[in-house]
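Let's take a walk through a protein model together. Keep the sequence beside you as you read.

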Amino acid sequence: MESRTLFEHLFPELRAYARSLTSRFDAADDLVQDAIERGLKAPNAPSALAELRPWMFRVIRNLHYDELRKWRVRKEYIASETRQSSVPGAGGDQERDTLIRLAYERLPPEKREILFLVDIMGMKYAEAAGILGIAPGTVMSRLSRARLALRQEVDDDRKPAEARQGGNARG
């Protein structure tokens, strides 16, 4: 049987399995779509239906748990940012978000890149290390420096204009 026909044959089962894992039909459909895409692109995908079926179930399961991990990391990051931004004198969430975005844009590209991969995309240190071609320990130290630089940029934005200029505005 052709691989495309195998996937068509398995589609109802894959969809049912994905729906059992997720609470939303659209999320289940996305899981199945991603899994089939990976299956079609995989050079070592099983060619027999009996082997492909459990293999595809594992792909769906792994994709689902990867998404849950990413969601959990993003949720923890948002909670952490909320705690850090609850300093006296800070405006509403919109003001804080604007300050963070402006500060982020002013960072050097290498600091923005590491923050994006780990804090925004929710990648693990090892994943980011693989993308960047560096050791996970290097990712941790670069991330620490990038977070510190971002905090300093945000703190600088919160200071009154005269304090940033280093002088007194009085004439």
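Here is a short tour, from the overall fold to a few single residues.

This is a predicted model, so to speak of local features a pLDDT of at least 70 is needed, side-chain atom pairs count only at pLDDT 80 or more, and totals for chains, interfaces and linings use all residues. Residues are numbered from 1 along each chain as its sequence is written, and side-chain values use heavy atoms, with hydrogens and water left out.

**The overall fold**

The chain has 8 helices and 0 strands; helices (H or I, at least four residues) and strands (E, at least two) are DSSP runs, numbered from the N terminus. Of its 171 residues, 26% are buried. Buried means under 20% relative accessible area, exposed means over 50%, and partly exposed is in between (1.4 Å probe, protein chains only). The accessible surface is about 11,500 Å², and 52% of that belongs to carbon and sulfur atoms; such areas come from the Shrake-Rupley method with a 1.4 Å probe, and for residues only the protein chains shown count as cover.

In soluble globular proteins, nonpolar side chains tend to be buried together. A nonpolar core is a set of buried Ala, Val, Leu, Ile, Met, Phe, Trp, Tyr and Cys residues joined through side-chain atoms within 4.5 Å. The largest one here has 18 residues, and Leu-14, Leu-52, Met-56 and Ile-60 have the most contacts inside it. Helices H1 (3-21), H2 (25-41) and H3 (49-84) each give two or more residues to this core, and H3 brings the largest share, 7 residues. Apart from it lies another core of 17 residues, including Leu-107 and Leu-117.

Leaving aside neighbours within four places in sequence, Met-56 is in contact (heavy atoms within 4.5 Å) with Phe-7, Leu-10, Leu-14, Ala-35, Ile-36 and Gly-39.

| Residue | Relative accessibility | Class |
|---|---|---|
| Phe-116 | 38% | partly exposed |
| Ser-144 | 46% | partly exposed |
| Asp-119 | 6% | buried |

Asp-119 sits in helix H5. Which side chain does the side chain of Asp-119 make a polar contact with? The partner is Arg-147, at 2.5 Å. A polar contact is a pair of N or O atoms within 3.5 Å; within protein, one must be able to donate a hydrogen and the other to accept it, and residues adjacent in sequence count only if both atoms are side-chain atoms.

Ser-144 is found in helix H7 (residues 136-158).
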